[in-house]
Amino acid sequence: MKPRQRPDMNTHPFVQAWSRRWPERRLLWLSVLGIGIGFGMMLGSGYAEGRAFALTDPLPWTLYAGTLVVLHLTLVSVHFQGDQILIGALAFLAGFGLLAQVRLGTFDVANPLDPGLYLVPAGIVLMLLVAIGLSHGRYARLTEGHWLWVWAAGSLVLVAVVLLFGQRYRGAVYGVGLVTPTELLKVTVVVFLAGFIDRHAKRLANWGKGFPLPPMRHLWPLLLFCLGLSALLLTQRDLGMVVILSVALLVMLFFGTGRTAYLVLGGVLAALAGALLLTVFSHGQRRLAAWLDPFQDPTGNSWQILQGLSGMYSGGLWGEGFGAGNPEYTPIAQSDFIYAVIGEELGFVGAVLLVLVFLVLFGRGLTIADQTRQGFGRLLCLGLTTELATQTLLNLGGVTKSIPLTGVTLPFISHGGSSLMTSFVMLGLILAVSDGMPARRRTPKPPRPPSD
């Protein structure tokens, strides 16, 4: 999207920045308008059923709209050069997630002090701070010197601490207050992987002549880290995180070295590991059985799947209407199965439109990676986008019964503060990469000696 008019170079810098970011302003305005219509429909259906008006009813939308205004004015003020369409897609998804959570009663709208009301605004502010703080090429400092290994060690320590001091709930291990600190691995692990692959790209691409064998001499630090982290995560029973990080690793190795063999070898190892894990972990066997034949245990392990499918089927093409569905019949609808509620109330059309916005988000992330010349930034952007896309596919595939359930959330839509905050940080990093590297300083030429 190009600016409508070429900025006048004689005007004030703020006016030039304001003019350059008009596509972002228009997308944010459309998001505020669309989400506002959704809030109006939701509140209107409640009033039609006899619910009384409360002054706090518009509070979630007001906070959302106000935060977007602050976001845009701040980006204009600091002359941010990062991607604008990515911010527009993020604004719609975050607003849609806030609307869905209010619809499901996750927050107490009548209580202005409910922390849940401020999660999305806080996440947008966090994303803004990350994007500005690491913009203009400052993200490259994340792996300077020994920082690369700090990210690796910190990732292992984080999971170990959660295992030692966390509490087990529904089979998995959580932190204090059922938060999931391991969501931060989506950032710390990718930063380490991007830095390591970028430093050793040439050596990792050398598979030798004749029968291709991986360069184990240079690959073993990466393998030890991945095996140790996977063992800790599997002890925690977080198979979804293992899948997300593994896919990101293979994609980054492939694009960082240009070797297709990493994808082939990774696929073979993943199939063998999956078969082995299913023989060891009983909850994995239950999820696979529920996926293959949900009617074998319809009121037990398959209850959530069947209720979600029933809700989406009743939604049909256009849905039952916003606020007219029955999400209370689907267990944990506000988290893992929120896409089933969307399909029930907004129908096939609404569910597909949401997927299209996700595709725009991922497409912009990949475009930014493709346009980034700096190796670490390109791999960082690629890894983060791959993680978000894999998490989305795992959630949508599990809800629609295309794949077994993995228990991961839908980014920016599902309830879950740790996952939401981490997703905003990931978007902040991608935006920082999109801002580009600092311009090279021109070395002044020495003055010419005076001619005789």
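## Helix α3 and its two partners

Let us start with α3 and helix α5 (residues 119–133), which pack at an angle of about 10° with their axes 9 Å apart. That angle makes α3 roughly parallel to α5; the label covers angles under 35 degrees, with over 145 counted as roughly antiparallel, 65 to 115 as roughly perpendicular and the rest as oblique. On the α3 side the contact (heavy atoms within 4.5 Å) uses Leu 63, Thr 67, Leu 68, Leu 71, Thr 74 and Leu 75, and on the α5 side Pro 121, Ile 124, Val 125, Met 127, Leu 128 and Ile 132. By class, the contact of α3 with α5 holds ten nonpolar residues, two polar and no charged. Here Ala, Val, Leu, Ile, Met, Phe, Trp, Tyr, Cys and Pro count as nonpolar, Asp, Glu, Lys and Arg as charged, and the others, Gly among them, as polar.

This is a predicted model, in which local features need pLDDT of at least 70 and side-chain atom pairs count only at pLDDT 80 or more, while totals for chains, interfaces and linings use all residues. Residues are numbered from 1 along each chain as its sequence is written, and side-chain values use heavy atoms, with hydrogens and water left out. Helices are DSSP runs (H or I, at least four residues), as strands are (E, at least two), numbered from the N terminus. Axes are lines fitted to C-alpha atoms, for helices over the stretch in contact, and angles between N-to-C directions run from 0 to 180 degrees.

The other partner is helix α2 (residues 22–48), which packs with α3 (residues 59–77) at about 175°, the axes being 10 Å apart. That makes α2 roughly antiparallel to α3. From α2 come Glu 24, Arg 25, Leu 28, Ser 31, Val 32, Ile 35, Gly 36 and Phe 39, and these meet Pro 60, Trp 61, Tyr 64, Ala 65, Leu 68, His 72 and Leu 75 of α3. This contact of α2 with α3 has ten nonpolar, three polar and two charged residues.

The expected span is 1.5 Å times one less than the number of residues. Because 17 of its 19 residues are buried, α4 is largely enclosed by the rest of the structure. Buried means under 20% relative accessible area, exposed over 50%, and partly exposed in between (1.4 Å probe, protein chains only). Just after α4, Gly 105 takes a positive phi of about 75°.

The largest nonpolar core has 108 residues, and those with the most contacts inside it are Leu 222, Leu 354, Leu 361, Leu 380, Ile 413 and Phe 424. A core of this kind is a set of buried Ala, Val, Leu, Ile, Met, Phe, Trp, Tyr and Cys residues joined through side-chain atoms within 4.5 Å. Leaving aside neighbours within four places in sequence, Ile 413 is in contact with Leu 93, Phe 96, Gly 97, Gln 101, Ile 338, Ile 342, Leu 354 and Phe 358.

## Helix α13 and its surroundings

Helix α13 (residues 303–315) has 13 residues that should span 18 Å at 1.5 Å a residue; its end C-alpha atoms are 19 Å apart, which agrees. Buried in α13 are Gln 304, Ile 305, Leu 306, Gln 307, Gly 308, Gly 311, Met 312 and Gly 315. The buried residues of α13 pack against α12 (282–292), α14 (338–371) and α15. Just after α13, Gly 316 has a positive phi of about 65°.

Gln 304 counts as buried at 16% relative accessibility. Setting aside neighbours within four places in sequence, Gln 304 touches Thr 330, Pro 331, Ile 332, Phe 337 and Leu 405. Its C-alpha is 8.9 Å from that of Ala 333, 29 residues apart along the chain. In helix α12 sits Ala 290, buried at 5% relative accessibility. Beyond neighbours within four places in sequence, Ala 290 contacts Asn 301, Ser 302 and Ile 305.

## Loop residues worth a look

Most residues other than glycine have a negative phi. Arg 237, in the loop between α9 (216–235) and α10 (239–257), has a positive phi near 65° and is partly exposed at 36% relative accessibility. Lys 401, in the loop between α15 (375–399) and α16 (417–434), also has a positive phi near 65° and is partly exposed at 26%.

Glu 49 lies in the loop between α2 and α3 and is exposed, at 69% relative accessibility. Glu 49 and Leu 158 are 109 residues apart in sequence and 48 Å apart in space, C-alpha to C-alpha.
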